[in-house]
Amino acid sequence: MTNGVVLETVGLTKSFGETTVLSDVSLRVEKGEVLCVLGPSGAGKTSLLRCMCHLERYDAGAVFVSGELFGHRAHRGKLMPLKGRATSRQRRSIGMVFQSFNLFSHMTLMENVVTAPVHVLGRNRREVEAEAAELLRMVGLSEKASAYAGDLSGGQQQRGAIARALAMKPEVVLFDEPTSALDPESIGDVLKVMERLAEERVTMVVVTHEIGFAKRAATRVVFMENGRIIVDGKPEDTLVNPSSERIKAFLREEGY
């Protein structure tokens with residue numbers, strides 16, 4: 001693994017019963033890279049993200065974050081799952097933005113953003129609040145800092161969820177279809193925030209059906225089907241002028 005590799009999966013394999021959802025998936029994500037993961041429903045995209053951040057246990061393979069074995073420890077030639085605080089410590093290095101926003105509805109937006117850095121990392125609240133105010137400004141929600149999350153629109157909650165993920169200063173942020181539950185106007189607002197993060201070289205892995213976003217923001221595109229990576233390349237080669245007939249068919253199905 002090179003020094004520039006932030007996240008790496010090696011031979012990830014995962015099954016639910018007799019259904020294989022990931023089959024020998026290996027990839028690397030370098031610092032500052034925006035990797036967009038495309039593919040039809042059931043391709044294994046969400047399972048890949050969940051295994052990356054150890055929300056889902058996999059059957060074989062390994063995940064490394066900045067060179068450190070993630071979610072496991074090596075013991076007598078085998079990988080043993082980490083538990084408790086060790087797992088929590090490692091998860092701090094990965095931010096996650098889900099399809100559903102998962103904000104605490106009984107807390108203000110500011111509280112949602114500052115809670116983890118203060119209570120998990122033990123940081124000074126005043127410093128964290130200053131950083132949180134800047135993050136909320138960046139995602140266009142400064143005026144909503146004192147609003148309760150449950151009173152915000154879906155798009156506002158998702159932008160708040162992005163600010164919350166960034167507040168932990170993760171090494172990489174994973175996005176699982178972050179616009180799938182939003183109306184068209186809110187989709188645009190969220191994608192603008194993500195494009196700004198891409199411009200600032202925040203390392204991201206994005207599962208998405210937003211082909212336009214992938215063309216504009218991705219530095220690399222992976223196409224998955226049946227639990228495998230079948231294409232891995234630059235956006236101009238995979239989306240603008242694709243040679244793969246499967247990707248051409250997928251783009252037609254998506255209206256591109």
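Let me start with handedness: a crossing is left-handed if the near helix is turned anticlockwise from the far one by less than a right angle, and right-handed if clockwise. Helices here, and strands too, are DSSP runs numbered from the N terminus (H or I, at least four residues, for helices; E, at least two, for strands). With that in hand, helix 3 passes helix 5 in a right-handed crossing.

Some housekeeping before I go on. What you're looking at is a predicted model, so local features need pLDDT of at least 70, side-chain atom pairs count only at pLDDT 80 or more, and totals for chains, interfaces and linings use all residues. Residues are numbered from 1 along each chain as its sequence is written, and side-chain values use heavy atoms, with hydrogens and water left out.

Back to the helices. The axes of helix 3 and helix 5 cross at roughly 20° and come within 8 Å (axes being lines fitted to C-alpha atoms, for helices over the stretch in contact, with angles from 0 to 180 degrees between N-to-C directions). That makes helix 3 roughly parallel to helix 5; the cut-offs are under 35 degrees for roughly parallel, over 145 for roughly antiparallel, 65 to 115 for roughly perpendicular, and oblique for the rest. Who meets whom? On the helix 3 side we have L109, N112, V113 and P117, and they meet G160, A163, R164 and A167 of helix 5. Contact, by the way, means heavy atoms within 4.5 Å.

If you look at the spacing in that list, remember that an α-helix has 3.6 residues a turn, so residues three or four places apart point the same way.

How covered is helix 3, residues 109-119? Mostly: eight of its eleven residues are buried, where buried means under 20% relative accessible area, exposed over 50%, and partly exposed in between, with a 1.4 Å probe and protein chains only. The buried ones are L109, M110, N112, V113, V114, T115, P117 and V118. They pack against helix 4 (125-138) as well as helix 5 (154-167).

Now helix 4 against helix 5. Here the axes are 9 Å apart and the angle is about 140°. That makes helix 4 oblique to helix 5. Helix 4 also passes helix 5 in a right-handed crossing. The residues that meet are L135, L136 and M138 from helix 4, and A163, L166 and A167 from helix 5.

Q99 is partly exposed, at 33% relative accessibility. Leaving out residues up to four places away in sequence, Q99 touches T46, Q158, D176, E177, S180 and A181. Q99 and Y58 are 41 residues apart in sequence, and their C-alpha atoms are 21 Å apart in space.

H72 is in strand 6, residues 72-75, and at 9% relative accessibility H72 is buried. Beyond four places in sequence, its contacts are H54, Y58, L79, M80, P81, L82 and Q90.

Over in helix 1 (residues 45-52) there's S47. S47 is buried too, at 15% relative accessibility, and past four places in sequence S47 touches F16, V21 and L22.

What about disulfides? Taking a disulfide as a pair of cysteine sulfur atoms within 2.5 Å, the count is zero. For C36, the nearest cysteine sulfur is that of C53, 17 Å away. For C53, the nearest is that of C51, at 8.5 Å. C36 is buried at 0% relative accessibility, and C53 is buried at 5%.

Most residues other than glycine have a negative phi. K169, though, has a positive phi near 50°; K169 is in the loop between helix 5 and strand 9 (172-176) and is exposed, at 56% relative accessible area. R201 has a positive phi near 60°. Its place is the loop between helix 6 (184-199) and strand 10 (204-207), and R201 is exposed at 54%.

That's my tour; over to you.
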